[in-house]
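Biologist: I want to learn how to read a ligand site in a model. Where do we start?

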Amino acid sequence: MSTALRNYINGQWVESKGNALLDVIDPATGLAISQVPAGCAEDIVDATAAASEAWLNWRNTPATQRVQYLFKMKQVMESNTDIIAKVCTKECGKTFAESKAEMIRAVENIEVACGIPTLMQSVFSEDIATGVDEFVIRQPLGVGACISPFNFPIMIPFWFMPYAIACGNTYIIKPSEKVPMTMTLIFELLEAINLPKGVLNMVHGGRETVDAILAHPFIPAISFVGSTIVAKHVYRTGTLNGKRVQAQGGAKNAVVVMPDSDEDTTVKIITDSAFGCAGQRCLAASLVITVGDTAINFTEKLVTLAKSKKTGNGMDPAIDMGPVITKESKERIESLVQTGIDEGAELLLDGRNVKVAGFDGGYFVGPTILGNISPESQVYKTEIFGPVLCIINVGTLEEAIGLINKNHYGNSACIFTRSGAAARKFRHDTLAGNIGVNIGVAAPMAFFPFSGWKESFFGDLHGQSSHAVEFYTQTKVVIERWNDEWSRKF
Ligand code: NAD
């Protein structure tokens with residue numbers, strides 16, 4: 001029997017039907033810690049068959065009963081926070097504190113989804129004509145699927161799954177093949193809540209598995225989170241096949257620093273945003289736009305604080321930043337830094353070739369800051385997805401907003417200011433879906449939608465909250481006539 005991670009289909013742990021395996025690497029050491037199936041279409045066929053069968057009963061289970069499983073799910077997640085977070089840190093690299101923070105965000109989504117009996121309610125109009133009423137029923141779609149990225153192995157599937165199953169759908173999660181152990185552990189723990197077989201399934205794999213999900217005729221709804229290039233492929237192929245798709249993509253998040261901002265607080269918040277999770281957050285600040293004469297003091301303080309950030313193994317409580325996810329990722333980030341320098345940027349802080357004692361094989365990149373970059377440069381346009389912060393200076397708030405609006409990404413944008421008028425203009429005029437005012441990571445709470453725009457999102461309904469409920473239900477309009485005279489005949 002293979003020692004590779006197994007899929008969870010129809011309440012059973014089963015081996016993948018594909019033969020190819022991929023190593024799961026601890027990014028702090030560069031060593032393999034497990035193996036995961038590279039995936040195959042047959043696994044998706046099996047999972048979908050189980051989920052379709054389970055759906056027949058699950059859709060008829062009252063919402064009030066369905067959410068009882070979610071109450072238990074919350075309890076299981078909370079009481080196992082540390083062991084789940086530890087595995088997450090091991091395979092993803094982020095600090096233990098960051099993994100625990102992910103757990104909280106996941107649980108918040110379960111909590112919101114526990115309100116499904118209310119969230120699924122609809123509208124009713126009495127007497128649209130004499131004796132005729134009209135109303136809307138929200139019904140589940142069938143089998144849903146989530147395809148998730150490496151950077152939040154715990155949280156991201158919970159932007160969708162709790163809502164989908166609470167609404168009466170059954171579900172398949174495909175974790176990132178780079179970080180498959182965390183969700184495997186979560187599934188092992190969730191066995192304790194005794195969901196009916198087939199309601200919740202997990203299939204490992206990479207591209208082939210994703211393409212099988214996109215092609216399967218009995219998966220009507222897909223939630224994707226990952227890079228823009230793959231988001232486009234998933235959205236295009238899924239919708240071409242008649243599916244509902246919500247696909248969250250990459251980002252280049254700008255933070256605008258106004259001359260009247262509270263400098264010390266701003267520097268601290270931006271440093272945390274840019275270098276937390278080693279810059280591998282889709283809402284990480286990756287571009288600072290200083291306005292007017294903010295630049296000089298601000299930049300100096302930023303570099304000093306960034307320099308003090310300690311890079312190392314995520315389980316070491318003394319460190320601020322773990323490694324990046326893969327060797328290729330480290331090489332790509334470092335080569336983009338060089339591109340920036342070649343394009344004329346000023347290297348204010350160089351995190352390349354950082355060494356961590358005892359972790360020679362790890363994929364570490366220290367905080368890096370490039371000043372004076374041009375809006376025409378590669379580093380301005382590209383999502384670096386590492387601990388690299390670029391700085392650009394402009395004369396006015398209008399220019400700053402203009403730059404953000406020209407960028408093809410629109411995940412988030414933040415402003416740091418003491419002026420209500422500047423903040424109001426920024427939130428009104430900026431073309432990005434998540435706006436922060438004196439906030440570094442504009443991550444919506446679970447009861448708000450995660451609202452990426454432009455090439456950071458393909459679709460219309462986003463993850464989390466009422467959007468997830470709408471995405472995972474379809475509306476049925478009923479028009480009824482009841483005539484008093486008919487009743488009298490019986
Ligand atoms: P990725 O696009 O490489 O992978 C995401 C998922 O797609 C994985 O499950 C992977 O197996 C699958 N996949 C990869 N290549 C594929 C292909 N060619 N065809 C079909 N499926 C494929 O993303 P990643 O590197 O795991 O994650 C980082 C990216 O995710 C960054 O761009 C980041 O901005 C983005 N992200 C966005 C959000 C958001 O909310 N917008 C949140 C987190 C991460």
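Modeller: We will go through the ligand site step by step. Keep in mind that this is a predicted model.

Biologist: How many residues surround the ligand, and which are the closest?

Modeller: Start with the shell. Here 29 residues surround the ligand. Ser148, Glu177, Ser227, Gln248 and Glu383 are the closest.

Biologist: What is the make-up of that shell by class?

Modeller: The shell holds 13 nonpolar, eleven polar and five charged residues.

Biologist: Which polar atoms lie by an oxygen atom of the ligand?

Modeller: Look for pairs of N or O atoms within 3.5 Å. Take the backbone cases, then a side chain. A backbone N or O atom of Ser148 is 2.7 Å from a ligand oxygen. For Phe150, a backbone N or O atom lies 3.0 Å from an oxygen atom of the ligand. Gln248 uses its side chain: a polar atom there is 2.7 Å from a ligand oxygen.

Biologist: How much of the ligand's accessible area does the protein cover?

Modeller: On its own, the ligand has 840 Å² of accessible area; the protein covers 89% of that.

Biologist: Where does the ligand sit?

Modeller: In the largest pocket.

Biologist: Why does the ligand lie between the domains?

Modeller: Check who supplies the shell. Domain 1 (7-249 + 456-478) and domain 2 (253-437) both contribute residues, so the ligand lies between them.

Definitions and conventions: Residues numbered from 1 in each chain as written. Predicted model: local features only at pLDDT ≥ 70, side-chain atom pairs only at ≥ 80, totals over all residues. Heavy atoms only, no water. Near = heavy atom within 4 Å. Polar contact = N/O pair within 3.5 Å; in protein donor to acceptor, adjacent residues only side chain to side chain. Areas by Shrake-Rupley, 256 points an atom, 1.4 Å probe, with all protein chains shown as cover. 1 Å grid on protein atoms, 1.4 Å probe; cavity = no way out; pocket = protein on both sides within 12 Å on 5 of 7 lines; lining within 4 Å. Sits in = over half its atoms within 2 Å of the grid points. Nonpolar A, V, L, I, M, F, W, Y, C, P; charged D, E, K, R; others polar. Domains from an automatic or database assignment.
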